[in-house]
Amino acid sequence: MSTRTIAEGDRILRKVALRIMPFLALLYFVNYLDRVNIGFAGPNGMNTELGLSATAFGFASGIFFLGYLTLEVPSNLALHRFGARRWLARIMVTWGIVATVLAFVPNPTTLVIMRFLLGVAEAGFFPGIILYLTYWFPAAQRAKAIALFMVAVPVSSAIGSTVSSLLIAHGHGALGLSGWRFMFLVEGIPAILLGFVTWFYLTDRPAQAKWLTDDERRWLATELDNERKATEAEHHWPLRKALTHPRILGLAFVYFAIAYGLYALGFFLPTIIAGFGQQFGTKLSTVQAGLVTAIPYVVAAVVMVFWARHGDRTRERKWHVALPMIVGGVAIPIALYLGNPYAAMVAVTICAVGVCAALPTFWTLPSTFLSGTAAAGGIALINSLGNISGFAAPYVTGWLRDLTGTQRSGLWVVGACMVAGACVALALGARPRSSR
């Protein structure tokens with residue numbers, strides 16, 4: 001490419017990013033918030049009102065992912081066939097309805113059932129977005145694009161912790177509901193509204209983008225098509241192979257390890273901070289605890305974007321996944337052995353940075369050798385198997401808390417899992433050998 005062509009391509013990709021990335025990040029913000037807001041409900045009235053032990057709370061938190069993983073692959077194949085605009089809109093409306101119904105659960109059994117159905121409703125959303133980004137961004141810019149999308153994870157955890165805490169604190173008694181019930185109700189409605197917006201706002205493919213000029217559409221479609229053909233020529237991965245190959249299972253384990261850290265933090269960080277009172281004598285209001293919970297995620301959001309951009313610039317992938325996993329895995333179990341809450345929060349923040357920094361670059365790995373239907377199925381399978389950690393992390397952490405009376409043992413498991421995942425990432429390397 002000439003300098004002028006490269007500059008023009010960068011301009012087109014910036015235009016694409018400005019059009020779709022803020023909206024996708026908003027969708028994921030709402031998605032992730034609805035997924036983990038049970039972490040704020042638990043220690044703020046739900047566990048007491050419904051009579052949940054730490055194990056039962058962990059089970060209710062994690063059962064979401066058993067529903068989620070059952071439909072990941074067929075949902076992503078449907079998105080590839082019918083288009084992201086229609087399928088993502090359908091997902092959002094159904095998950096929004098279930099999320100609002102959570103406000104009215106009368107007992108633990110109903111809570112578990114509705115959390116399972118929430119997972120069923122949301123199935124395919126995240127891998128669908130990852131697949132969708134491969135339709136719009138060449139491989140050299142993909143980690144940064146995924147980071148801009150996934151920055152919604154730490155942002156939703158940061159802003160969401162404050163919003164959820166405020167809704168619980170000031171919504172108590174509104175509409176005759178407890179604070180945690182009011183939070184579920186209010187935070188479920190945006191998904192329904194955004195589902196209708198998605199139907200009209202998103203564009204399935206560059207060739208259909210009326211907001212690009214003819215030359216811009218032609219350049220982007222050609223660039224992505226050439227990249228797809230090159231991938232297919234070098235790596236012959238049909239759908240069946242993408243659903244059965246050991247490399248996919250290895251990548252699923254790496255993602256399991258990253259997500260294990262993510263969900264252990266997401267579901268239990270509010271509980272850990274609430275425990276500072278007993279451990280360190282620190283007294284925090286509900287809103288203050290929400291603000292403190294936000295700190296690790298604010299830092300992680302900034303580091304995530306810069307780390308992904310560095311990975312795109314250097315074209316190095318495996319260490320950009322493994323190194324933050326190792327750092328985060330070592331930091332998290334140390335947190336509860338430190339002598340004051342400030343040092344503990346530094347360790348928790350380092351763990352959050354490690355988890356979030358690994359995520360964007362990890363999701364560039366499948367598209368280095370998968371394309372088309374194989375990419376749809378393979379990405380969904382990796383996400384589906386990896387998200388078993390969403391069940392395992394809160395359940396195992398809660399069970400160990402009940403068994404030992406402390407959070408420490410559960411966080412040692414988190415750290416060990418992340419370090420093991422980093423080792424597998426290094427063993428796999430960035431991409432398989434050519435199939436030619």
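Colleague: At what angle do H6 and helix H7 (residues 108-122) pack, and are they roughly parallel or roughly antiparallel to each other?
Modeller: In this predicted model, the axes of H6 and H7 lie 8 Å apart and the angle between the two helices is about 170 degrees. Angles over 145 degrees count as roughly antiparallel, and H6 and H7 are therefore roughly antiparallel.

Colleague: Which residues of H7 meet H6, and how many nonpolar, polar and charged residues has the contact?
Modeller: From H6, the contact draws on Arg90, Ile91, Thr94, Trp95, Val98, Ala99 and Val101, and these residues meet Met114, Leu117, Leu118, Ala121 and Glu122 in H7. By class, the contact of H6 with H7 has nine nonpolar, one polar and two charged residues.

Colleague: How is H5 oriented to H19, and is the crossing left-handed or right-handed?
Modeller: Helix H5 (residues 72-82) packs on helix H19 (residues 372-386) at an angle of about 150 degrees, with 8 Å between their axes. Because angles over 145 degrees count as roughly antiparallel, that makes H5 roughly antiparallel to H19. The crossing in which H5 passes H19 is right-handed.

Colleague: Which residues of H5 meet H19, and how many residues of each class has the contact?
Modeller: On the side of H5, Glu72, Val73, Asn76, Leu77 and His80 take part, and in H19 they meet residues including Gly372, Ala376, Ile379 and Ser384. By class, the contact of H5 with H19 has six nonpolar, seven polar and one charged residues.

Colleague: Which helices do the buried residues of H5 pack against, and what follows H5?
Modeller: The buried residues of H5 are Glu72, Val73, Ser75, Asn76, Ala78 and Leu79. They pack against helix H4 (54-70), helix H6 (84-101), helix H8 (125-134), helix H13 (239-244) and H19. H5 is followed by a residue with a positive phi, near 105 degrees, and that residue is Gly83.

Colleague: Is Asp204 buried or exposed, and which backbone nitrogen lies 2.9 Å from its side chain?
Modeller: Asp204 lies in the loop between helix H11 (179-201) and helix H12 (214-234), and because buried means under 20% relative accessible area, its 13% relative accessibility makes Asp204 count as buried. Leaving aside neighbours within four places in sequence, the residues in contact with Asp204 are Phe82, Gly83, Ala84, Arg85, Arg86, Tyr132, Tyr135 and Trp136. The side chain of Asp204 reaches the backbone nitrogen of Ala84 at 3.0 Å, while the one that lies 2.9 Å from a polar atom of this side chain is the backbone nitrogen of Arg85.

Colleague: How are H9 and H18 oriented to each other, and how many charged residues has their contact?
Modeller: Helix H9 (residues 142-150) and helix H18 (residues 341-362) pack at an angle of about 135 degrees, with their axes 8 Å apart, and they are therefore oblique to each other. Ala143, Ile146, Ala147 and Met150 of H9 make the contact with Leu359, Pro360 and Thr361 of H18. By class, the contact of H9 with H18 has six nonpolar and one polar residues, and the number of charged residues is none.

Colleague: How far apart in space are Ile326 and Met418, C-alpha to C-alpha?
Modeller: Ile326 is placed in helix H17 (residues 318-334) and is partly exposed, with a relative accessible area of 28%. Beyond its neighbours within four places in sequence, Ile326 is in contact with Val419 and Ala422. Ile326 and Met418 are 92 residues apart in sequence, and their C-alpha to C-alpha separation in space is 6.6 Å.

Methods. Residues are numbered from 1 along each chain as its sequence is written. This is a predicted model: local features need pLDDT of at least 70, side-chain atom pairs count only at pLDDT 80 or more; totals for chains, interfaces and linings use all residues. Side-chain values use heavy atoms; hydrogens and water are left out. Axes are lines fitted to C-alpha atoms, for helices over the stretch in contact, and angles run from 0 to 180 degrees between N-to-C directions. Helices (H or I, at least four residues) and strands (E, at least two) are DSSP runs, numbered from the N terminus. Angles under 35 degrees count as roughly parallel, over 145 as roughly antiparallel, 65 to 115 as roughly perpendicular and the rest as oblique. A crossing is left-handed if the near helix is turned anticlockwise from the far one by less than a right angle, and right-handed if clockwise. Contact means heavy atoms within 4.5 Å. Ala, Val, Leu, Ile, Met, Phe, Trp, Tyr, Cys and Pro count as nonpolar, Asp, Glu, Lys and Arg as charged, and the others, Gly among them, as polar. Buried means under 20% relative accessible area, exposed over 50%, partly exposed in between (1.4 Å probe, protein chains only). A polar contact is a pair of N or O atoms within 3.5 Å; within protein, one must be able to donate a hydrogen and the other to accept it, and residues adjacent in sequence count only if both atoms are side-chain atoms.
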